2 protein chains.
Amino acid sequence: MRCAVVGAGAWGTALADLLARNGHGVALWAHEPDVADGINARHENARFLPGVSVDPSVMATNELGRVARAAELVVFVAPSHVLRGIARGAAPAVQRGATVAVATKGIERETLALMTDVVAAEVRGHSVVALSGPSFAAEVARRQPTAVVAASRNDAAALLTQRVLSSDWFRVYTHFDVTGVELGGALKNVMAVAAGICEGLGLGYNPRAALITRGLAEMTRLGVALGASAQTFAGLAGLGDLVLTCTGALSRNRALGMEIGRGSGLEQALAGRDTVAEGVVTAESAQALAGREGVEMPIVDAVCQILFGGRTPRDAMADLMARELRPELDP
Amino acid sequence: MRCAVVGAGAWGTALADLLARNGHGVALWAHEPDVADGINARHENARFLPGVSVDPSVMATNELGRVARAAELVVFVAPSHVLRGIARGAAPAVQRGATVAVATKGIERETLALMTDVVAAEVRGHSVVALSGPSFAAEVARRQPTAVVAASRNDAAALLTQRVLSSDWFRVYTHFDVTGVELGGALKNVMAVAAGICEGLGLGYNPRAALITRGLAEMTRLGVALGASAQTFAGLAGLGDLVLTCTGALSRNRALGMEIGRGSGLEQALAGRDTVAEGVVTAESAQALAGREGVEMPIVDAVCQILFGGRTPRDAMADLMARELRPELDP
């Protein structure tokens, strides 16, 4: 099947490689000319996924307006803050009947829209699938066993995505709860910043485990308020991705949090990074969504206070611990 | 308040220290004379919690029959396979009206009883509390922020335990679901063995995150079959403790699994260990419980096949990955 991948960061490159190895023809759009050239000439994305060889059949291009031509599956995987513009640019060539998948994780700052909604607004008349779950790109590229979910309101679109992406070691489970799956992927990045801050402060495993647990609880609360199923957050796109991002060594958001926990300001921590730490933008969006929905999200609030409000990490984390003692659940 | 802690492993010692620092009088029973002597003479448990100074007011003793005298709170924290005998030995001195807490995590192999049921059968007529949650003893002893739950069918008993144990950095949440809280604490040890096996095989973070997610799902299934609340497993005693034990460097069960993943047999991996890896015993008990209740637990089965059935870790893990693709949840 002909496929297009729109975005050649680490995850886009790994997905393009995966599709090609599954026998599909893959066009991959890269913003940067050197990235497209490197993939075509040396079959490597030296900027975003160095050291991994990309299947030689992957054709990289900088022509956004043509990448989706004749593709039956188009996967969008650009950073969240530029996704709308990129989807708009790619839209004219998306053929009728194509399935559109979105692997970007985030919440649009201005509209508070989820990524599938952003893409659906720009590429109209297609079934949209959210692809999410615990999947460090570098591990997928090295064929470590990985399990993700493909969520859509259209069963056939989810099943097509599952069939095209699945292999012996890359398992795709279908899902019905698009909102829950997308929120899980977006919000976990904020929790990863929080986990990194704890670690940067020199705190141990006990506080990190408590933070992950309470973090999942507040993610679930927001999700349920927005119509998601609570159970989705106990699955791969919720708990699974949260655990990966908060405990795995390859997480950018956690790494950023660690720098901040050790005393860097946000600008200092962001300087010199070639990749996006989605958790920073998502923290603000999540706080705004929680405010709109009247949902308490104390960890998101603490991260925002630290990133944007000049609060010290130690003070904000101490406040989190000092919240009133009460039953963990209401019976 | 006068308290007794029955069992001077790492966790019993840390709990005794915590109670003493909260201003309570603490008697601590140790099985080993050298442990009791070391705590009394040098305020250190060099065998099970080396390098940590124990509050000098903690009085250690080897006299099981007298340790609980005059205590208003008695905390049992012996290894699961000897807990019944120890509870029986301590029972005669437990005073009327005392609250009995159980911090041991496991499932009795012969009866498939949970630890609070074992203690309640031996120390009759008391309100029993299950204490569980993500809490490496060495971190509690070093006052890292920690959050746990105290679950009881008797609210007053849970509240008393909360009040006596809580401090600025050690947070105790009350809970109503004793079965769920206990099963979470017990079953997570089996998942930690599985996570260690994956790691020993050289697998990455993606498979570990998937394993934790699917592991929590099967823990929850068994719990619900036994009358627990599914939500309990999303909390500190479920997800929290699971994440800690599967990802933290201090977990014995994970360390044991790593050795087995690297090719050691069970006997070889157990040899020379001074401490108990509860996950080994609990794997068999969990499999038996799952069989009795008709619940599918593929990860528990895989661990049992590897530990007791001569299956190679690689084969058993490959089978787990190769299970049929289906929706993650039923809508």
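A:Ala70 lies in the loop between β3 and β4 (73-76) of chain A, where helices (H or I, at least four residues) and strands (E, at least two) are DSSP runs numbered from the N terminus. This is a predicted model, in which local features need pLDDT of at least 70, side-chain atom pairs count only at pLDDT 80 or more, and totals for chains, interfaces and linings use all residues. Residues are numbered from 1 along each chain as its sequence is written, chains are lettered from A and ligands numbered from 1 in the order in which they are written, and side-chain values use heavy atoms, with hydrogens and water left out.

User: Is A:Ala70 buried, exposed or partly exposed?
Analyst: Happy to look at that loop residue. A:Ala70 is not a glycine, yet has a positive phi of about 65 degrees. Buried means under 20% relative accessible area and exposed over 50%, with partly exposed in between (1.4 Å probe, protein chains only). At 42% relative accessibility, A:Ala70 is partly exposed.

User: And what is the relative accessible area of A:His43?
Analyst: A:His43 sits in the loop between α2 (33-42) and β3 (59-61) of chain A. Although not a glycine, A:His43 has a positive phi of about 55 degrees. A:His43 counts as partly exposed, and its relative accessible area is 26%.

User: Which element supplies the largest share of the side of chain B that touches chain A?
Analyst: Good one to trace on the model. In chain B, 55 residues are in contact (heavy atoms within 4.5 Å) with 55 residues of chain A. Elements of chain B that each supply at least two residues of this side include β7 (146-152), α8 (205-225) and α9 (236-247). The largest share, nine residues, comes from α8(B).

User: Which three residues supply 16% of the area that chain B buries against chain A?
Analyst: Buried area is the accessible area (1.4 Å probe) that two parts lose on being put together, summed over both. Chain B and chain A bury about 4600 Å² between them, with 63% of it on carbon and sulfur atoms. The three residues that supply 16% of chain B's part are B:Asn206, B:Met321 and B:Glu328.
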